Structure formats: structure tokens, C-alpha cells
Amino acid sequence: MPSSRRNMFSKALPSALWLLLANLWHFLCSLMQLIPDLKTSPSRPAKGQITFHRHRGLQCISPLMQTVEETPQPIPTKIKGYIPKWINGNLLRNGPGKFEFGEEKFNHWFDGMALLHQFQLKNGTVTYRSKFLQSSSYLMNSQNNRIVASEFGTLAMPDPCKSIFGRFVSRFEMPQPSDNACVNYVIYKGDYYVSNENIFMHKVDPETLETKEKVDWSKFVAVNGATAHPHYESDGTAYNMGNSYGKHGSRYNIIQIPPQKSNCSDLLQGAKVLCSIAPKDKMKPSYYHSFGMSKNYIIFVEQPIKLNLLQIITSKLRGKAIAEGITWEPQYNTYFHVVNKHTGEVLPGQWYTKPFVTFHQINAFEDHGCVVVDLCCQDSGTALATYKLQNLRRTGEGLDQVYNSIPRAFPRRFVLPLHVSADTPVGKNLNPLSYTSARAVKDADGKVRCIHENLHPEGFENVGGLEFPQINYTQCNGRKYRFFYGCGFRHLVGDSLLKVDVETKTFKVR
Ligand SMILES: [Fe+2]
């Protein structure tokens with residue numbers, strides 16, 4: 001869809017996508033600490049039951065959800081232990097750092113204004129600095145000393161200085177996407193950007209944390225945003241996914257961004273849509289936070305967290321936040337789409353499994369005519385709504401209740417046999433790989449039902465499941481691999497580092 005034809009309707013929708021953002025997920029990563037002795041429940045859930053596990057012991061995490069001052073000049077840090085002198089560089093993190101303007105407060109953790117962090121490692125020492133992203137939302141909110149731009153979980157109120165009639169009319173204006181970008185750093189053509197999942201990114205200087213240019217995805221390629229988790233080839237070619245919205249509804253798009261600049265002012269020039277996929281329901285596309293990539297394929301998981309477009313575009317009129325247009329609808333299964341990244345061809349197979357939610361994919365690779373895809377999975381998609389600030393600022397038993405209402409995430413493996421035809425027998429396990437017990441069975445209607453393998457042993461729930469998976473990306477992405485790392489969550493903030501061996505399905509805790 002050419003950008004010139006895109007109307008306000010299509011421009012407004014991507015703001016919904018922040019959600020994901022889940023800044024939460026990223027911010028949690030940098031909060032691995034705390035948590036005294038936790039009482040754990042070793043009981044195992046019944047088969048098929050959603051896995052909630054009860055823990056107690058964390059009194060308060062509200063200091064982590066409060067506005068902080070930026071630290072624009074580097075300051076020294078205290079180091080426990082030893083940092084090898086050969087590690088030199090900048091560790092960059094991004095997350096929400098300001099939760100109110102004047103008397104008005106944001107409602108959701110993901111709404112906070114982006115604060116860019118830099119830990120500079122040099123000869124065994126570390127300095128720290130931080131700066132707020134100078135987004136239009138941040139600047140407008142600051143200048144007006146109130147929340148002017150709506151965020152994922154917060155609907156901006158009309159200007160109190162407007163007349164009663166003016167405030168009434170403003171309800172009928174389309175919701176405009178915020179350009180707050182507090183989820184992740186991403187790299188395109190060697191440049192650093194911070195990204196949410198909406199239509200805007202910001203180019204930033206990784207040395208000074210200065211905000212450079214605001215980039216509108218739709219100026220370069222016909223999408224209304226992209227995830228904050230692109231994949232990269234060894235030559236720097238990047239792949240991402242983003243939705244587009246038009247008069248015919250929505251599409252999922254796979255984007256390819258070339259590795260090199262054509263000139264010094266080049267941003268995303270040359271980006272193109274490789275493939276466009278129709279949602280099962282065009283007015284209720286699925287939410288996705290990441291996707292998988294093997295040597296030859298992109299793997300997209302269409303899951304039953306739904307963006308109700310009608311509710312989202314009428315959110316301002318109804319006085320609701322965009323977050324309220326996102327729903328968990330487990331009456332739908334979860335589907336896998338496999339796309340040849342060289343040709344853009346969507347493979348004809350129809351792979352599905354029971355409803356689950358994934359935010360972060362671990363890895364994907366090909367073996368003996370199959371795609372193996374490893375994911376962190378939750379059996380319920382209700383967690384996003386739980387991360388309202390009023391919940392996270394509870395204390396004691398109230399905070400325990402919040403934690404216990406969130407399903408744990410567990411690493412799981414799915415095997416997708418790529419060569420399924422009319423001759424393929426029904427009811428037979430099509431997984432030829434001896435090292436995984438995942439199953440894939442063709443149904444009478446030709447679809448392939450996938451049953452996962454747990455990439456963890458029994459008792460893994462005692463470490464709170466695992467999220468924020470990381471592999472040695474340069475060496476292992478798209479290839480058969482053995483280890484990955486992640487955060488254990490024995491409460492709302494990560495409290496341990498886990499190393500998982502996917503061959504032995506064992507793990508270590510630090
Ligand atoms: Fe993420």
C-alpha cells in the first residue's frame with residue numbers, strides 16, 4: 001500500500017502495537033536482583049492446566065516504577081567482583097523512566113517515557129550515564145506539564161483550556177500514535193535506533209545518548225510499524241515484521257532492510273516488503289512481539305492475542321486506552337507461518353497448536369526437511385493487562401497476588417515438517433528428528449497439529465519459568481545449537497540467570 005494512500009485511520013492504529021513493548025520484558029532484564037528467600041510451591045499442575053505457581057516474599061518493587069532524574073554526565077560505579085580488562089564497549093539499555101507530568105500520571109508500565117542508559121566498560125571499570133529520549137511526546141508533555149500524548153495504557157485527556165465544545169469535539173479526533181520508544185535498541189545499516197512497535201523510531205548516538213532523527217517507517221516501506229526485535233544476517237541485512245492497515249483491513253508484512261548505506265543521509269532507504277500475509281481475521285490481527293529466523297525461512301507465530309481494530313480506532317471516542325482493545329481469545333489456536341526469505345513465498349503448510357502466547361523466540365533452525373523453532377511460551381495471554389502501575393506498586397500480599405496471577409513462561413520446542421502433501425499419511429508423527437520428542441501429526445483436513453517438547457526438566461517452575469532468552473546470536477542464530485540463557489522469575493522481577501542445555505534439557509541457576 002503506497003504511503004500516499006494511507007489515511008489517518010491507518011496512521012492511528014499502530015499506536016496499539018506498543019503494547020508489546022513490553023518494556024516490561026526488557027526493563028525486567030536489568031532488574032535482576034533483590035528477592036530474598038522465596039517460598040516455593042513444588043506442586044505440578046495437572047496436564048493441560050495453565051501454569052500459575054504461588055510464591056511469596058517480595059515486599060515492594062514500587063521504587064523501580066518511579067520517575068528518576070537523568071544522569072547525562074558519566075559517573076563512576078561500584079563494582080562487585082571483577083570485570084576482565086579485555087571487555088570494552090557500551091552496554092545500552094532502554095526503559096521507562098518518567099511516569100507523570102504535572103498532576104497527570106500514566107497508568108501502565110509500558111507508558112513511561114523512554115530513558116536511555118549506557119554502561120561504558122573500559123579497562124575493568126564502568127561508568128554510567130542516562131538521558132531521556134527527546135521524543136515529540138516527551139517534549140510536548142514537558143512543555144505542557146501534563147500528558148498530551150496518549151500511550152498504550154493511558155488516554156490523554158483533552159486540554160482543560162479548551163472550551164466545553166472543543167473538548168467534546170476532540171473526542172472524535174483519531175488517536176495519534178506516540179513516538180515514545182522505550183523497548184529496545186535496534187541497528188539498521190550500522191546506525192543505532194530505539195524502537196517501540198509503532199510507526200516511529202529514533203536514531204540515537206550510542207556514545208552520547210543524544211536523540212538524532214525521528215524516523216517514520218511508512219516513509220520508506222508500506223508498513224505502519226515494526227517489532228523491536230529484528231533479525232540480522234552476518235552481512236548486516238536486517239529482517240523485521242510489521243503490520244499495515246488499510247481500507248481492506250490489516251496485513252502482516254515481512255520487511256527486509258539492506259545492510260549498507262548508499263550515502264551518509266541514508267536511513268531505511270531500500271527497505272522492502274518481502275511478503276504480506278493476511279490475518280485469520282483482518283479486523284482482529286494478532287499481536288506479536290518477535291519472530292523466528294532460520295537459514296532460509298522466517299517463522300511467524302500467529303497467536304490468539306488479538307488487536308481489535310474497531311475498538312482501538314474508537315478508543316478515544318469511548319474514553320478508553322488502546323490497551324483495552326487488546327484481548328486474549330483462546331478460542332483460536334496458535335498458527336505457524338513459514339516464509340522463504342529468499343523468494344518471499346509463504347509455504348503452503350498449515351501448522352497449528354493449542355493456544356499459547358510467545359513474546360520472545362529463542363532460536364530456529366532447519367534439519368531433515370523440518371524447521372525446529374524454540375520459544376518462550378505462556379498458556380494464557382492475560383499478562384499484559386496485569387502490568388498496570390497500580391498493580392506493580394502494591395506491597396506484600398497484594399504484590400504476591402499480582403505475581404501469582406501471571407502465567408509463567410516456559411521454553412518449548414516445536415517441529416514443523418515442511419514437506420507435507422496429499423500423500424502424507426494422516427495420524428502419523430511426521431517428526432524424523434531423534435533428539436526431540438516434539439510431535440507433528442497431519443489431520444484429516446491436511447493441517448498439521450504440532451505438540452511441543454519441553455526444553456526443561458520437571459521442577460523448572462520452581463525458578464519461576466524463563467523469559468528474555470538469549471543465544472550466542474552471531475554463532476548460533478538459525479543454526480542447530482545447544483545453550484541459551486534467560487531470566488528466572490521467582491517474583492515479578494527477574495532474580496536469577498539461567499543457562500539451559502537444549503540437548504540434555506537441564507539447566508543451571510546463578
Ligand atoms: Fe522484547
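At 26% relative accessibility, R490 counts as partly exposed, a label for values between buried, under 20% relative accessible area, and exposed, over 50%, with a 1.4 Å probe and protein chains only. The model is predicted, so local features need pLDDT of at least 70 and side-chain atom pairs count only at pLDDT 80 or more, while totals for chains, interfaces and linings use all residues. Residues are numbered from 1 along each chain as its sequence is written, and side-chain values use heavy atoms, with hydrogens and water left out.

R490 forms a salt bridge with D495, the closest N and O atoms lying 2.6 Å apart, where a salt bridge is a side-chain nitrogen of Lys or Arg within 4 Å of a carboxyl oxygen of Asp or Glu. D495 itself is buried, with a relative accessible area of 14%. Elsewhere, salt bridges that share partners join D191, K203, E213 and K261 into one network.

Within that group, K203 pairs with D191 at 3.4 Å between the closest N and O atoms, and this pair links distant parts of the chain, with K203 in strand 9 (residues 200–204) and D191 in strand 8 (residues 191–195), 12 residues apart; strands are DSSP runs (E, at least two residues), numbered from the N terminus. K203 counts as buried because its relative accessibility is 13%, and D191 is buried at 12%.

Another salt bridge joins the side chains of E329 and K284 (2.9 Å, N to O), and both of these residues are buried. A search of the whole structure finds 14 salt bridges.

Conventions: Helix = DSSP H or I, 4+ residues; strand = E, 2+ residues; numbered from the N terminus.
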